[in-house]
Amino acid sequence: MSEQRERPEPEPIRFYGTTWVDHSGGYAVRRIGLALGALLAAAAGAYALRLAYEGMAIAQTGDLVSTLLVVAFAVCSSMAFARTLGDYTRDPDDTRAGDPSMRTIKTIGFIGVLLAYALRSLVEAPGEKRLRAEYDRAVERYERRAAGRAARRGNPAARGGTKPRSGRRR
């Protein structure tokens with residue numbers, strides 16, 4: 001009983017599905033639209049942070065607290081930007097990928113995450129490079145196995161692959 005494996009399927013990317021494989025189905029328009037949407041969301045988030053800062057000023061919490069708030073958001077946004085941009089290309093087997101300790105920093109620095117998404121969308125679908133490498137490796141392994149199975153099909157004696165035995169086996 002031979003088990004016939006199917007050709008590997010590409011993993012879908014959010015908002016893109018599997019159109020990233022052959023760049024079909026309005027892939028470029030979708031990329032540009034999502035980049036603009038992420039920039040718009042980052043601008044809205046910056047405006048919300050500005051309102052929060054003005055609320056702190058109205059509450060007269062002091063210069064130190066206001067400065068710490070701005071520094072915290074700036075540092076978290078820059079760390080989230082760098083980490084998110086790296087996550088789109090990093091190998092998923094990397095120990096830093098999906099680090100749960102960065103979740104809070106990415107939440108606080110959501111503007112950096114949105115800017116990284118927008119920047120990556122201008123180049124390709126976020127995560128496409130990593131998924132393309134995985135998919136290409138899976139297809140290569142599949143084709144190598146399929147070629148090996150095709151070479152082993154049929155009667156080996158008809159191919160001349162076996163030599164007549166001389167003598168007896170013990």
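In which hand, left or right, does helix 2 pass helix 4? The views below take up this crossing, a surface patch and a salt bridge. The model is predicted, with local features needing pLDDT of at least 70, side-chain atom pairs counting only at pLDDT 80 or more, and totals for chains, interfaces and linings using all residues. Residues are numbered from 1 along each chain as its sequence is written, and side-chain values use heavy atoms, leaving out hydrogens and water.

**View 1. Helix 2 passes helix 4 in a right-handed crossing.** Right-handed means that the near helix is turned clockwise from the far one by less than a right angle.

**View 2. Ile32, Leu36, Leu39 and Leu115 make a nonpolar surface patch of about 360 Å².** Patch residues have over 30% relative accessible area and no salt bridge, with nonpolar side chains joined within 5 Å; areas come from the Shrake-Rupley method with a 1.4 Å probe, and only the protein chains shown count as cover. Helix 1 (residues 27-58) gives the most, three residues, and Leu39 lies in this helix.

**View 3. Glu143 and Arg7 meet in a salt bridge through their side chains, at 3.4 Å, N to O.** Such a bridge has a side-chain nitrogen of Lys or Arg within 4 Å of a carboxyl oxygen of Asp or Glu. Glu143 lies in helix 5 (residues 128-152) and Arg7 in the segment before helix 1, so the pair ties together parts 136 residues apart in sequence.

Conventions. Helix = DSSP H or I, 4+ residues; strand = E, 2+ residues; numbered from the N terminus. Patch = residues over 30% accessible without salt bridge, like charges linked within 9 Å, V, L, I, M, F, W, Y side chains within 5 Å.
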